[in-house]
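Me: I have a structure to go through. Can you walk me through the packing?

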Amino acid sequence: MEKENNRKEMAILIGYKSRTGILFYVMIFGMLLSIISFLCPFCSYNPTVIDEFKQTVGIFKLSPLFSIIFLLFWAAALMLCMFCVSSLAKPDWRERAKKYSVYPILSIIFVLISIIFIAVACVFYEIPEQDFSYLETQTEAGFYLFVIGNVIFSVAFLIFSLALKNLAAGKISMEDITLFKEKSTKETRQTENALLSDKIKELQDLRNSGLITEQEFDDKKEELLKNYK
């Protein structure tokens, strides 16, 4: 029963019908942008003014040392997020959530470090052609895509973890983070009210026609009201 409740809670927390779920998908979108950036050039240099001669440099052509450090910090930031999300499947996730605000802060620090290292790697890239070693490199789409993706990821992760922390502390409820529920709940309540009124009216008709006694009417009415609550 407890595992079933955990599954239902997790389905709400990372589902598209909740605010936290929307933030979860925004985090994934930011991650995807960061991964796509690896397929794009991070910097370039051009010995002429003609674009056809421009040489682009991908992530794996940059300094191996800077690239490894950059990838380690970036991977650490993603792992913190994955740890946060995976812990929602555990029965004690509410206790764990009280410390969730630490993880996005660490993640933001790791992301900033990775951006700094990749920026330094682009600026100090050693052009292999000695004749062009005097040229300055220019940042390209891959670098900007990586920065934008990680900003989106970090902000979404921070808000997501704070929402979980407030949920665990009882400051907000599951209903507060659920979207499209207020209207559905209101309509359900109206339907239940109408059904209750019809059943009470039927009991009144039976009582008035003498088919049930006053005591039976009161007992059945009380039972209906009890089930309604």
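Me: What should the 22 residues of H5 span, and how far apart are its end C-alpha atoms?
Reply: This is a predicted model. At 1.5 Å a residue, H5 should span 32 Å, and its end C-alpha atoms are 32 Å apart, so the two agree.

Me: Which residues of H5 are buried?
Reply: Pro-104, Ser-107, Val-111, Ser-114, Ile-115, Ile-118, Ala-121 and Cys-122. They are on the same side of H5, because they cover an arc of only 125° around the axis.

Me: Which exposed residues are on the face turned away from the buried side of H5?
Reply: Ile-116 and Val-123 are the exposed residues carried there.

Me: New topic, the largest nonpolar core. Which of its residues touch the most other members?
Reply: The core has 44 residues, and those touching the most other members are Leu-13, Met-27, Phe-42, Leu-62, Leu-88, Phe-160 and Leu-164. Elements that each supply at least two residues include H1, H2, S1, H3 and H5.

Me: Which helix gives the most to this core?
Reply: H6, with 9 residues.

Me: Where is the other core, and how many residues is it?
Reply: It lies apart from the largest one and has 6 residues, among them Leu-196, Leu-203, Ile-212 and Leu-224.

Me: Back to Leu-13. What is it in contact with, leaving aside neighbours within four places in sequence?
Reply: The contacts of Leu-13 include Leu-88, Trp-93, Phe-160, Leu-164, Met-174 and Ile-177.

Note on methods:
Residues are numbered from 1 along each chain as its sequence is written. This is a predicted model: local features need pLDDT of at least 70, side-chain atom pairs count only at pLDDT 80 or more; totals for chains, interfaces and linings use all residues. Side-chain values use heavy atoms; hydrogens and water are left out. A nonpolar core is a set of buried Ala, Val, Leu, Ile, Met, Phe, Trp, Tyr and Cys residues joined through side-chain atoms within 4.5 Å. Buried means under 20% relative accessible area, exposed over 50%, partly exposed in between (1.4 Å probe, protein chains only). Helices (H or I, at least four residues) and strands (E, at least two) are DSSP runs, numbered from the N terminus. Contact means heavy atoms within 4.5 Å. The expected span of a helix is 1.5 Å times one less than its number of residues. The arc is that of the directions from the helix axis to the C-beta atoms.
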